[in-house]
4 protein chains.
Amino acid sequence: MSDTLCVFEWRYGSEEMRRLFSRENIVKTYKRVELALLEALAETGIAPIEAVEQLRSVLDTVTAEDVYTEEKRIKHDIASLVFLLARKAGGEAAKWVHFGATSYDIVDTAWALILRDALAIVKGRLAAVIEKLSSLASEYSRLPMVGRTHGQHAVPVTLGFKFANYVYEFARSYERLCELEKRLLRVKLGGAVGTMASWGGKGFIVRRKFAEKLGLEPHIISTQVAPRDGFAELAAVAAILASQLDRFAFEVRELSRPEIMEVWEERGGTVGSSAMPQKRNPVTAERISGIARFIRSLMPGFMENIVLWHERDLSNSSFERIALPHLLLALDQALADMLALLEKLRFSPENMKKNLYLGWGTVVAEKLMNMLIERGLTREEAYKLSQKAAARALAEKRPLWQVAAEMHEVSKRIDEKTLEKELVPEKYVGPVERLVEDAVRYAVQVVERC
Amino acid sequence: MSDTLCVFEWRYGSEEMRRLFSRENIVKTYKRVELALLEALAETGIAPIEAVEQLRSVLDTVTAEDVYTEEKRIKHDIASLVFLLARKAGGEAAKWVHFGATSYDIVDTAWALILRDALAIVKGRLAAVIEKLSSLASEYSRLPMVGRTHGQHAVPVTLGFKFANYVYEFARSYERLCELEKRLLRVKLGGAVGTMASWGGKGFIVRRKFAEKLGLEPHIISTQVAPRDGFAELAAVAAILASQLDRFAFEVRELSRPEIMEVWEERGGTVGSSAMPQKRNPVTAERISGIARFIRSLMPGFMENIVLWHERDLSNSSFERIALPHLLLALDQALADMLALLEKLRFSPENMKKNLYLGWGTVVAEKLMNMLIERGLTREEAYKLSQKAAARALAEKRPLWQVAAEMHEVSKRIDEKTLEKELVPEKYVGPVERLVEDAVRYAVQVVERC
Amino acid sequence: MSDTLCVFEWRYGSEEMRRLFSRENIVKTYKRVELALLEALAETGIAPIEAVEQLRSVLDTVTAEDVYTEEKRIKHDIASLVFLLARKAGGEAAKWVHFGATSYDIVDTAWALILRDALAIVKGRLAAVIEKLSSLASEYSRLPMVGRTHGQHAVPVTLGFKFANYVYEFARSYERLCELEKRLLRVKLGGAVGTMASWGGKGFIVRRKFAEKLGLEPHIISTQVAPRDGFAELAAVAAILASQLDRFAFEVRELSRPEIMEVWEERGGTVGSSAMPQKRNPVTAERISGIARFIRSLMPGFMENIVLWHERDLSNSSFERIALPHLLLALDQALADMLALLEKLRFSPENMKKNLYLGWGTVVAEKLMNMLIERGLTREEAYKLSQKAAARALAEKRPLWQVAAEMHEVSKRIDEKTLEKELVPEKYVGPVERLVEDAVRYAVQVVERC
Amino acid sequence: MSDTLCVFEWRYGSEEMRRLFSRENIVKTYKRVELALLEALAETGIAPIEAVEQLRSVLDTVTAEDVYTEEKRIKHDIASLVFLLARKAGGEAAKWVHFGATSYDIVDTAWALILRDALAIVKGRLAAVIEKLSSLASEYSRLPMVGRTHGQHAVPVTLGFKFANYVYEFARSYERLCELEKRLLRVKLGGAVGTMASWGGKGFIVRRKFAEKLGLEPHIISTQVAPRDGFAELAAVAAILASQLDRFAFEVRELSRPEIMEVWEERGGTVGSSAMPQKRNPVTAERISGIARFIRSLMPGFMENIVLWHERDLSNSSFERIALPHLLLALDQALADMLALLEKLRFSPENMKKNLYLGWGTVVAEKLMNMLIERGLTREEAYKLSQKAAARALAEKRPLWQVAAEMHEVSKRIDEKTLEKELVPEKYVGPVERLVEDAVRYAVQVVERC
């Protein structure tokens, strides 16, 4: 494959996902849909029953190659397929194949079937991500580290608490994927402009049988095409999920800085940069960030596609031919990278502790403030006093509790023992274990429910 | 208001929606949230009960003006509010107001409350749009007009069928809005980095009481801020809805071309263009298209906001201060315009009929093809024959049925009478009444369900 | 190629452009850059002169296949290439190949070289578009048709005038492409973080020689990578150009509506829709619109890439591997489609005339207003009078001049003869020939200048 | 102003920029353009000369308030203005004001004038940013710090070198702004659809005089509106610049992490977070990042605006009314923040040194590799050896030069003295002073040239 130009052909994406969007599988799915239609027509009494067998027997003999060769001549892919099938099958099939349908009855239904498979892969990977993260969250629910806001040290958290937030966030995406499916994964059958005009009064029965055979609900109504808001929602849900993956990747990339080095991705036997042998680059995480950028980028086009003219225009076609496979392949790669990243994550409790204490205990200045309030100070007084103590601790490079104990305004309210005992970063993490449990339980329910 | 620069201050958006995002209402909501927090703290036994009354009694005396004046000094809006409240209230309130909370416990909860009101307006308007469109769909379910694909005449539809497709599409958006709410409209309470550290073991009770008072579920877990995927989903759902409005607006703009003139928006006493007195410009529909463009544009920023650092960074703040009010105001205006547009839509059955027959009946060429298949031709033969007939009808400017009747390959299979009777555009519209009913019923169920 | 998934591998894009972004050409360009670097090192006296020949002699023996196979092992493409080259070449080349360079010295310089070729294709196609449009503009500079604003009939234009506007707009894009090149097409050489540390004081000479060999200016300074604003600008300029192509495509799609049918794209022997034999679908124009949507979509990711960490992070890499080839291939296809579209454009002066007179001459109501002003009425009086005349003409379906002549307020100022003579749509087109000439001359100058 | 909803009314943006986009200034500019047009008409002999004075004398008496009140009645802002002016002025002005023009002759020309002023502010601020950064780059051109790629320590740089890269990048944006101006800042005059039909043969002279009076070149040709690619380019150039500002902000935010603390923004008397008194939040830099996100977001809408129908449709209008002022105000704020940030930047050479040595000298492993190559090893051998030494230095926490000196494969080629002398991070920064000089000189030239 050394002459390809698209990196999703070989570099990014799994073979499993790639196969779904291959020309072979697309044409195979078109054929499956044509067969389902003819079966529905036959069962409804529109087409004779023998047409089905005639069509079925030749399905395998028409290849993607055949279709796209024919398309070069007549400039229409579904028309090419239908002509080829009809010619090969002959007999009744040559009359009744595709009867009453429009090309996008086939195309949109095929997209629904392919996307059903693609979303099954996506959901499977996302569930695995959630499971692995949940297990890490539980395992490390008591491992303290500094919480950071604005990149600054704020208040202690635990590694498990940090992960549990991602569990919650990813579960929200999983929920969105499930809710999206009922709008996106629908067969579409309505003929030229959606009125079912070709099938007389039998259109609803044909559509019902067609839908049953393919295992999906039909769109309630449509123009020549299914409404494009379904694809736009898919793009948006994918963009949100990709951005969440990006957020996690960002977390890892930052925490693996040599000055921090709390979390990092273990390198295998990779070379790293060609010129700097000493580095430990978070390349998997960085790739997630880059691919997330691509996924985010596709949204505007999908939104514009909603605005089709009247009963449809063709402008969605080229965009979707390009964007749908690339979107799913990119999501596939980002999720696979996420799973790989989780497998090779490594943690340093020592560095977490070191950083937690870097600010001489000022990460529990809030605790000091609270203690002062509890002992009668107003919020403002307590705030200023604890700020002063924190500033002094940093300036003098001594523990906050020591400095506080020396301040009269503090010591007359809280004795040194108590300060030493309470102003301990590791202890100021709140009920994180239950928060972790709740997040994990929530995620389990979401995944089970849909 | 002649010195404003933002057109949402006066030109676009309703007073009702504008009020929600006014500085007064934002600060008022902050105060309401601070009070709910203090009540929860008191009921949990953390704060003394009298603090609540002390705070409540001064709430009205601290204005938005006060807060933003103070903010100029200390550069933090919530801190300003809290200091002002504490100073005014004194007593126990001065100690316990905001106890254990972080600014974004207030801000994110306030956003949830304001957005609850904003989405109620949005959903109300959207339900009205759906209802009006449903009624038009039913009223005109049998009014035939040409269906258009690629801008070309395809196969007949009815005006009601056309509208019913929009009913279905808007109902899908309504459903998305409802599903979004359970993820977006949640109170957030967790303290500095979300660990509830300040409240000892009582955090969950405080959060539960806080949530109950405000009538919303809490986020299961959070960092310093609620996860930003909720806002991103809001932006995406809004963008999809706006694009659907744009699609309807586009439909009206096109159908009101003088060459088509099937549907148009009645002009009131407007001047129209300053130089061309004769024109009937679809200015309401055009404004919908323009505003949809703005709504679509805001998505990427909301997606980027998901990728906050660790337990949060501040980069979401300025973006959301700008984008959230503008997004909702824009959606508000687009929906109000849509309602106005629906009120002033006018239809010309005459022009619909004229256009339906413009192609000399070739819009039922598909029917001819189907009839030929039913009489034994293969799809390909029938296709070519009907195409030939259609070409001849157009060339000779004579009805398709006449031309077809003169073609031996046709006439030997179908007699002239039958052709004349069957090849009637108005009759070839399929079971559109049931399709309309189904779409309307679907929409009613969606709106009722949530 | 029946197992590909990316439509740019076969369906969209020219072979010429595809070749540029093939794996073979990318690796070939990397090798060319490595050779130029070694030559520069040798000429500067850093590497011995024989190293160059040693490297050159093995260049052809290392293929893309080799590189990407090796990459699977060591996870780095440029490192793989360098190791393979060094091993094959041995001798001095094995020491000095890539000396002092970082991977992105090679990658970014290779992008510059490949994009130079790609932009040459783009500019060639765009120049051809401009030339063809200019020739159409000149040819039809006097062919009158109705000008449309809001989709409504406004005031007459000519077909050539219409085209001349596109000539101007495309010329502006051509100018942007030229200006962009001086920022984008630069070699980049600076070593690991851009400081040229490996080459002692000789870095500037090495860079100068390197740049000369490749025929491009160097970036003045860089981090590990060239600044990403160059790619972002490319994406933006491409998006603007694509949107202009979309605008033209939109024009054609609209004007080929059966109710209008002034301009259309001739269909060859295509099948068109599978169910509606009578249609003349503007499929080339529609594809331009769809592909423009894809091109527009890529901007946000390129913008985000600007924000690389410190001396760089890797997140741009995967995005650019995906987006750069797809962007250029998509632009290539859109321009090829535009050229094809221009070749098969057909015009109907009859329909233009018919539509021009559709409003009974109200398209020259402005002229009537002007004549009344010239005869002493205020703007407001003249406006109201001409509006009244226009409304009556439309209502009574009689020519504006006739109706006006019967209005006392008009006739007492302008006699019927004059009205009949002046209120002729074809005459009210202004100095369009000179406008066309100016636009064409402007475009010629832009194309010649750069 | 406590009832506003748009934060650009008070929170973000300078008074200077805000004034430009105020309703008063917009209407004032419209009036200025109407006057220029009437002057041009008079000088061309179309209107009598006294009309000019009549108009001029009433200009100040028509306010924005008047116009927008009238607009509520007749639904058209320019028409309202023209009617009000005509009524107030009476006489010849009542006839000739706005003669032959279309509303967008006024609107687009007014945008050009306002944007000229707005871009002058933007360029002024950007030049100040470049100047300040240049001065910092020169001042600190020899202050060593570690260069970072992937967030990992790579190879040394200097602070001045780091800043010089930004100087170069911002200069590229300055250049783009200048090149953009010649396409964007043009008057537009062509009448209803751009054909100049109202002015007979005198249109070109009217346009030339009109343009001269306003000090801008005219568009060569136009439809009813100026081509929208100019605004799209503005949005793109702004998005690129905003992303560069974001990159700098990101740099500061990262380098001010407590574990790094090399660069930070000094806080004034701000409160910081309400709950964490100890923090030093980079809030100015974070706001730049947030606002950059907003600026980037506006691009897609501006691109869509290019695709206007035929001689124009109105969909650009509402979008531009919203987006143009917000875009410029946001850019204004981001640049003001950048200037403020540069003023309060503080540096810690101590921490830079500490971090530079954090990896025990492995940041000069490349230097070791180069030395080995210069002494006869192949690249691969040298790479592996230096990598081994680096790994050992990190593992044993001893300087690279010491560890290397103990490795036989190294010591037999390079003596310990040389290793100790050469493997010094501070020395391995290349010719950065000249790189800094070149970048600064380049920027000076760009700013001077345009």
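**Close-up views of the contacts of chain A**

**View 1. The contact between chain A and chain B.** In this predicted model, 98 residues of chain A and 98 residues of chain B take part in the contact. The size of an interface is often expressed as the accessible area lost when the parts come together. Between chain A and chain B, the buried area is about 8900 Å². Carbon and sulfur atoms give 64% of that area. Within chain A, the residues that lose the most area to chain B are Ile221(A), His310(A) and Arg379(A). Together these three account for 9% of what the chain A side buries.

**View 2. Charged and polar pairs between chain A and chain B.** Chain A and chain B are joined by 16 salt bridges. One of the pairs is Lys182(A) with Glu179(B), whose closest N and O atoms are 2.4 Å apart. Polar contacts across the interface of chain A and chain B number 40 residue pairs, both residues being at pLDDT 80 or more. Helix α10 of chain A, residues 229-255, supplies the largest share of the side that touches chain B, with 15 residues. Sorted by class, that side of chain A holds 45 nonpolar, 23 polar and 30 charged residues.

**View 3. The contact between chain A and chain D.** Here chain A contributes 43 residues and chain D contributes 43 residues. The area buried between chain A and chain D is about 3600 Å², with 53% of it on carbon and sulfur atoms.

**View 4. Charged and polar pairs between chain A and chain D.** Four salt bridges are counted between chain A and chain D. In one of the salt bridges, the side chain of Glu254(A) meets that of Arg257(D), at 3.2 Å from N to O. Twelve residue pairs, both at pLDDT 80 or more, are in polar contact across the interface of chain A and chain D. Several elements of chain A give two or more residues to the side that touches chain D, among them strands β1 (144-149) and β2 (152-158) and helices α10 and α11 (283-297). Helices α15 (365-374) and α16 (379-396) of chain A are also in that group. The largest share, six residues, comes from α16(A). By class, the side of chain A that touches chain D has 18 nonpolar, 14 polar and eleven charged residues.

**View 5. The domains of chain A.** Chain A is divided into domain 1 (16-99), domain 2 (101-359 + 433-450) and domain 3 (362-422). Between the C-alpha centres of domain 1 and domain 3 of chain A, the distance is 78 Å.

Methods. Residues are numbered from 1 along each chain as its sequence is written. Chains are lettered from A and ligands numbered from 1 in the order in which they are written. This is a predicted model: local features need pLDDT of at least 70, side-chain atom pairs count only at pLDDT 80 or more; totals for chains, interfaces and linings use all residues. Side-chain values use heavy atoms; hydrogens and water are left out. Contact means heavy atoms within 4.5 Å. Buried area is the accessible area (1.4 Å probe) that two parts lose on being put together, summed over both. A polar contact is a pair of N or O atoms within 3.5 Å; within protein, one must be able to donate a hydrogen and the other to accept it, and residues adjacent in sequence count only if both atoms are side-chain atoms. Helices (H or I, at least four residues) and strands (E, at least two) are DSSP runs, numbered from the N terminus. Ala, Val, Leu, Ile, Met, Phe, Trp, Tyr, Cys and Pro count as nonpolar, Asp, Glu, Lys and Arg as charged, and the others, Gly among them, as polar. Domain bounds come from an automatic or database domain assignment.
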